[in-house]
Amino acid sequence: MTDPGSLPPLPERRLEILWYLVAGDGRYPWDPAWRRRVDFEYVQAWAKSIDVNGFYGALLATQPTSGMDPWITAASLVPTTRRMKFVIAVHPSVYTPTSLVKLATTLDQNSGGRVVLNVVSGHTGLEAAGVHLKHEERYEHTDEFLTVYRALMRGERVDFDGKHLKIRGAEAAFLSLQQPYPPLWFGGASPIARDVAAKHIDNYLTWGEPPAETAELIADVRARAARHGRSLRFGIRLNLIVRDTDEEAWAAAQDMLDHLDDDVVARVQAESGRQESVGQARQLSFHKGVKPRFARDLEVYPNVWSGFGLIRGGPGLALVGSPESVAARIREYHALGIDSFIVSGNPLLEETYRFGTQVMPLLPVTHDDPGALRPAGYTRPKPAGPPPSGPAPSGASQSGSPLVAAG
């Protein structure tokens, strides 16, 4: 057992509430009859509602071959928002480390330090994007990718000879406003995913699970990070059904269940079953792919419902209840060690106001000063001084030679 006195200090506790931006919206967005037309004006209104209702930011969710481009969307929304952080989904297999450095540093400078990267590796195969790596290989690639990316973002010149990446003389033209780089968030439930997170990531994300399972996951990832001399923060992705009372919220869950077409449920479950994601298999265990007659048959913990998993891949659990009940569950997860909550309810636009006005005041949410960071310019800072004396860090020389890393 690890000596508690030898563990790295835990990061400062925060409670960040983030929303969700995707290319579709509506009361039942999976049903074409209820799906709204989403264009840039709609997305602008969405982003403004996230900003004014006190959310920390939003996840710009996407797949490499579908959905809105998160970088262009975020850049387009910078002038119309003031505090909103842009959590950009990044699949390392479709970037080079240097291309991601250029995107991240530029947008972080242009937005005043409002960029967060959500690294996605194992959710699904990327053959449609021309990437033919299996599940384990994608995480091996991500490990190498983040080794190079983090070194570049620290201002190092990088040579790297790995299994998946061969890089010579890479260097960032300028650095990000947030130092040493915009926060790296990441989700993955498999053992190799947890190891990659422990080695590189700032905030480990999990899809919603009941508190007991969530606590076990946090303990495991925290122990893996400690073996690298690191500590992490933790976040969770949850759906929402919030109404004035618990009874009204469960009635809304029943209404949603009644609007789920059996053929659509079967199609979604078949698609989810083909995914390579360990987290997806964990989600399936909470509803077994079977639509019950009564919504509360899928209540896996007080006010925690697995019904969303019937109609969507990925995170399938929701908090269902009154503002007080939902806030109580959030506080319970926060007590376990969760600091970042990425939440959403349908329709996404209107529910930002419901959550922002009814639930947010019940929580000790964290807000960063939107004026705390100012652009530093598109030039590399001059070195602070000569290299420190003493042993050189692993993989680098004291003489200022490039970092040489082996994968």
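Q: How do the axes of helix α2 and helix α3 cross?

A: In this predicted model, the axes of helix α2 (residues 70-77) and helix α3 (residues 97-111) come within 11 Å and cross at roughly 15°. Axes are lines fitted to C-alpha atoms, for helices over the stretch in contact, and angles run from 0 to 180 degrees between N-to-C directions. Helices are DSSP runs (H or I, at least four residues), as are strands (E, at least two), numbered from the N terminus. Angles under 35 degrees count as roughly parallel, and α2 and α3 are therefore roughly parallel to each other.

Q: Which residues make the contact of α2 with α3?

A: Contact means heavy atoms within 4.5 Å. Trp71, Ala74 and Ala75 contribute from α2, and Leu100, Leu103, Ala104 and Leu107 from α3. By class, seven residues of this contact are nonpolar, none polar and none charged; Ala, Val, Leu, Ile, Met, Phe, Trp, Tyr, Cys and Pro count as nonpolar, Asp, Glu, Lys and Arg as charged, and the others, Gly among them, as polar.

Q: Which residues of helix α10 are buried?

A: Buried means under 20% relative accessible area (1.4 Å probe, protein chains only). In α10 (residues 323-336), the buried residues are Pro323, Ser325, Val326, Ala327, Arg329, Ile330, Tyr333 and His334. Val326 counts as buried because its relative accessibility is 0%. Leaving aside neighbours within four places in sequence, Val326 is in contact with residues including Leu240, Val242, Phe355 and Val359.

Q: Where is a positive phi found in a residue other than glycine?

A: Most residues other than glycine have a negative phi, and most peptide bonds are trans. Asn303 has a positive phi, near 70°, and lies in the loop between β10 (299-301) and β11 (304-305). Asn303 is buried, with a relative accessible area of 10%.

Q: Which residues does a cis peptide bond join, with omega about -5°?

A: That cis bond joins Asn346 and Pro347, and Pro347 lies in the loop between β13 (338-344) and α11. The bond from Gln179 to Pro180 is also cis, with omega near 5°; Pro180 is placed in the loop between β6 (166-170) and β7 (184-187).

Note on methods:
Residues numbered from 1 in each chain as written. Predicted model: local features only at pLDDT ≥ 70, side-chain atom pairs only at ≥ 80, totals over all residues. Heavy atoms only, no water. Parallel < 35°, antiparallel > 145°, perpendicular 65-115°, else oblique. Expected span 1.5 Å × (residues − 1). Buried < 20%, exposed > 50% of the residue type's maximum accessible area, 1.4 Å probe, protein only.
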